[in-house]
Amino acid sequence: MILQIVGYKNAGKTTLMSHTIQFLKSHLLTVATVKHHGFNQLVNQEADITLQNDQVDHMKHFNAGADQSIVQGKSYQQSVTRKENQSLEEIISESVTIDCNVILVEGFKSAPFDKVVVYQDEKERQSLSHLTNVKYYVNLADTDALTLYNQWLFHYFKIEGMH
């Protein structure tokens with residue numbers, strides 16, 4: 001199951017992603033996440049993500065020209081891959097490598113999956129009302145926003161047979 005959390009910059013998407021991850025993990029679900037870096041919004045800035053320090057060995061491999069470099073530690077694995085701007089569907093198909101119950105996505109507003117819209121005011125909510133597959137709207141400044149959101153999450157995943 002794929003659920004997107006979308007909204008404008010500083011609306012609370014990352015906060016809601018973290019909250020949602022914790023909620024799903026507390027119900028023993030496995031979760032993978034994908035984040036869209038808002039490079040289209042940047043003006044006169046480097047339009048890409050910041051990679052790990054160049055002095056670590058796997059980054060030396062990558063900087064020497066490797067198309068993918070993977071490092072395995074005791075409990076964690078990290079990968080960096082050269083890929084041009086892929087669609088969300090391509091990223092999920094090619095890069096989500098674990099079996100999981102839920103893939104949570106931050107951003108990718110135009111992707112076709114179920115969405116939660118995070119907004120700060122009615123103007124933002126209205127300007128995002130054209131998005132497809134919106135299942136829930138939330139303003140984190142509202143009283144009881146997270147309590148109501150938790151109730152919705154429980155219902156949403158229960159309906160989908162995840163619980």
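Student: In this predicted model, which residues of helix H3 (residues 88-95) are called buried, and what makes them so?

Tutor: The buried residues of H3 are Leu88, Ile91 and Ile92, and the term applies because each has a relative accessible area under 20%.

Student: How do you know that these residues lie on the same side of H3?

Tutor: They span an arc of only 95° around the axis, which puts them on the same side of the helix.

Student: What do the buried residues of H3 pack against?

Tutor: They pack against strand E1 (2-7), strand E2 (31-35) and strand E5 (102-106).

Student: Which residues touch the most other members of the largest nonpolar core?

Tutor: That core has 21 residues, and those touching the most other members are Leu3, Leu24, Val116, Tyr149 and Trp152. Helix H5 (145-159) is among the elements that each supply at least two residues of this core, and H5 gives the most, with six residues.

Student: What makes Val34, Leu88, Ile91 and Ile103 part of a nonpolar core?

Tutor: They are included in a second, separate core of eleven residues, and the name applies because such a core is a set of buried residues of nonpolar kinds, Val, Leu and Ile among them, joined through side-chain atoms within 4.5 Å.

Student: Which strand has the lowest mean pLDDT among the elements, and which the highest?

Tutor: Strand E3 (residues 68-72) has the lowest, 72, whereas strand E6 (residues 114-118) has the highest, 98. Over residues 41-45, the pLDDT is below 50.

Notes
Residues are numbered from 1 along each chain as its sequence is written. This is a predicted model: local features need pLDDT of at least 70, side-chain atom pairs count only at pLDDT 80 or more; totals for chains, interfaces and linings use all residues. Side-chain values use heavy atoms; hydrogens and water are left out. pLDDT is the predictor's confidence in each residue, from 0 to 100. Helices (H or I, at least four residues) and strands (E, at least two) are DSSP runs, numbered from the N terminus. Contact means heavy atoms within 4.5 Å. Buried means under 20% relative accessible area, exposed over 50%, partly exposed in between (1.4 Å probe, protein chains only). The arc is that of the directions from the helix axis to the C-beta atoms.
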